[in-house]
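Dear colleague,

I am handing over the structure below, and the notes after it set out what was found. Please read them alongside the coordinates.

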Amino acid sequence: NADVPSEITTVSAHDLTVSTISVSCLKVEWESEPDRDYYVSCTAHDDDYAYADNMYFNFKGNDLCYITGLREGTEYTVTVEPILSDDEKDDFTAVSASADGKTETVEVIYDFPHEDGWTNCYAGDYQKNNVIGNY
């Protein structure tokens, strides 16, 4: 019967997990289909997040992606969506999967005492007359 619509099949990334790797990296894994590409996006929970251009997506197959260039101690939502081929677009629909992750926070284990003349950000450099160098 021509009036009966064909059944639409959904395609999704199943068993999505986001793991913390470091202060700037998240590991994203999902159950994938062979020969299918996936679109991965990452959004910070902070509306004022200004570092999205620093994110880099390093794919290690079609079921694993490392997201680097992230900020310390920041929460993110990662979304994975299957990409449909031109032949599939009439009979399939892509359903995205999302999961939250958070980068590590640096733990200060020792505070060094301040020493006049030595800067805090240039280890081994001495500040003299507002010029930093190895004197």
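This is a predicted model, in which local features need pLDDT of at least 70 and side-chain atom pairs count only at pLDDT 80 or more, while totals for chains, interfaces and linings use all residues. Residues are numbered from 1 along each chain as its sequence is written, and side-chain values use heavy atoms, with hydrogens and water left out.

Confidence comes first. The mean pLDDT (the predictor's confidence in each residue, from 0 to 100) of the chain is 84, and 81% of the residues reach 70 or more. Over residues 129-135, however, the pLDDT is below 50, and this stretch has 12 contacts in the model beyond near neighbours in sequence, where contact means heavy atoms within 4.5 Å. Where pLDDT is low, the predicted coordinates should not be read in detail.

As to the overall fold, the chain has 0 helices and 11 strands, where helices (H or I, at least four residues) and strands (E, at least two) are DSSP runs numbered from the N terminus. Of the contacts with a separation of 6 or more, 61% are between residues 24 or more positions apart. The chain has 135 residues, of which 27% count as buried; buried means under 20% relative accessible area, exposed over 50%, and partly exposed in between (1.4 Å probe, protein chains only). The accessible surface of the chain is about 9700 Å², and 45% of that surface belongs to carbon and sulfur atoms; these areas come from the Shrake-Rupley method with a 1.4 Å probe, and for residues only the protein chains shown count as cover.

A44 lies in strand β4, residues 38-44, and is buried at 13% relative accessibility. The C-alpha atoms of A44 and Y76 are 4.3 Å apart, although 32 residues separate the two in sequence, and, leaving aside neighbours within four places in sequence, A44 is in contact with Y49, T74, E75 and Y76. I21, by contrast, sits in the loop between β2 (14-20) and β3 (26-31) and is partly exposed at 41% relative accessibility.

A search of the whole structure finds 4 salt bridges, a salt bridge being a side-chain nitrogen of Lys or Arg within 4 Å of a carboxyl oxygen of Asp or Glu. Among them is the pair E33 and R36, with 3.1 Å from N to O; E33 is partly exposed at 32% relative accessibility, whereas R36 is buried at 7%. E33 and R36 also belong, with E88, to a network of salt bridges. D86 pairs with K89 at 3.5 Å, N to O, and D86 is exposed, with a relative accessible area of 66%. K27 forms a salt bridge with E29, the closest N and O atoms being 3.9 Å apart, and E29 is partly exposed at 31% relative accessibility.

On the surface, I109, Y110 and F112 form a nonpolar patch with about 450 Å² of accessible area together. Patches are made of residues with over 30% relative accessible area and no salt bridge, like charges being joined within 9 Å and nonpolar side chains (Val, Leu, Ile, Met, Phe, Trp, Tyr) within 5 Å.
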